[in-house]
Amino acid sequence: MKKVVIGITGSIAIYKTCEIISRLKKKNYDIEVIMTESATKFITPLTFGALIHKPVLVDDFDETGYQIKHINIVKEADCFIVVPATANVIAKIANGIADDVLTSSFLAATCPKIIAPAMNVHMYENTATQKNLDLCRSYGIKIVEPEIGDLACGYQGKGHLSDIEDILDAIEYMISPHPLQGKYVLITAGPTQESLDPVRFISNHSSG
Ligand SMILES: Cc1cc2nc3c(=O)[nH]c(=O)nc-3n(C[C@H](O)[C@H](O)[C@H](O)COP(=O)(O)O)c2cc1C
């Protein structure tokens with residue numbers, strides 16, 4: 001069973017993560033959810049816990065279980081996606097900051113990683129955010145680009161969380177094996193095979 005860790009941050013697009021999780025659940029993935037404190041102000045962990053049928057990780061320091069939660073949760077994960085990803089969490093990931101359970105887990109994860117940003121157009125286009133996204137790309141993290149659209153803040157522009165199908169496709173892609181990855185393949189056109197033009201035989205010898 002493939003294990004997908006979902007990191008959820010404090011963006012208004014958070015409600016779409018419910019649909020993403022229930023779609024992933026139908027594919028029979030083992031799902032773990034981590035939320036930032038801000039995310040819990042939008043939707044309670046109860047909702048996500050009910051969708052995945054297990055507790056959601058919000059606090060690394062609570063004393064239940066006595067395990068190192070941010071390390072345990074990413075063990076043997078096949079993919080870690082942050083959806084929606086705030087400008088704040090992207091900045092932290094870009095700079096290796098691990099000051100909460102989501103960012104600590106992300107830093108500890110060695111599996112393929114995805115970030116699906118969602119924010120106001122000016123936050124998205126800000127040079128700082130763009131530089132942070134470039135840094136994330138340079139670490140091999142896949143960015144599922146936000147779309148242009150009507151934003152919750154009333155603005156229009158790029159920042160709208162990507163289409164759910166694109167996010168699901170990105171997860172599917174990241175957890176699938178890529179046997180040709182890193183290999184160079186030379187494709188030739190193959191031999192030319194064609195019928196010869198009809199040739200009339202002309203003999204030098206006269207028969208008479
Ligand atoms: C109503 C509301 C909507 C917000 N939506 C977004 C958003 O879509 N994207 C974003 O980057 N920040 C958004 N913010 C700001 C973040 O919640 C804020 O930066 C917070 O510190 C992020 O914390 P986190 O990254 O730890 O989840 C929103 C804040 C509020 C109050």
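**A tour around helix α6**

Start with α6, which lies across β1, β2, β3 and β4 and runs at about 145° to β3. The model on screen is a predicted one.

Now select α9, residues 164-175. This helix also packs on the sheet. It touches β1, β3, β4 and β5, and its direction makes about 160° with that of β3.

Five of them form an open sheet, in the order β2-β1-β3-β4-β5. The pairing is parallel. Find the edges: β2 and β5 (142-143) each pair on one side only.

Zoom in on β1 and β2. These two strands run parallel and are joined by six bridges. Pick Ile8 and look across to β2: Met35 stands opposite.

Go back to α6 and select residues 101-108. How many of the eight residues of this helix are buried? Six are, so α6 is largely enclosed by the rest of the structure. Color the buried ones: Val101, Leu102, Thr103, Ser104, Ser105 and Phe106.

Last stop: the N-terminal end of α6. Select Asp100, which caps this end. One of its side-chain oxygens lies 3.3 Å from the backbone nitrogen of Leu102. Leu102 itself is among the buried residues of the helix.

Terms used: Residues are numbered from 1 along each chain as its sequence is written. This is a predicted model: local features need pLDDT of at least 70, side-chain atom pairs count only at pLDDT 80 or more; totals for chains, interfaces and linings use all residues. Side-chain values use heavy atoms; hydrogens and water are left out. Buried means under 20% relative accessible area, exposed over 50%, partly exposed in between (1.4 Å probe, protein chains only). Helices (H or I, at least four residues) and strands (E, at least two) are DSSP runs, numbered from the N terminus. A polar contact is a pair of N or O atoms within 3.5 Å; within protein, one must be able to donate a hydrogen and the other to accept it, and residues adjacent in sequence count only if both atoms are side-chain atoms. Two strands pair if DSSP finds at least two bridges between them. Contact means heavy atoms within 4.5 Å. Axes are lines fitted to C-alpha atoms, for helices over the stretch in contact, and angles run from 0 to 180 degrees between N-to-C directions.
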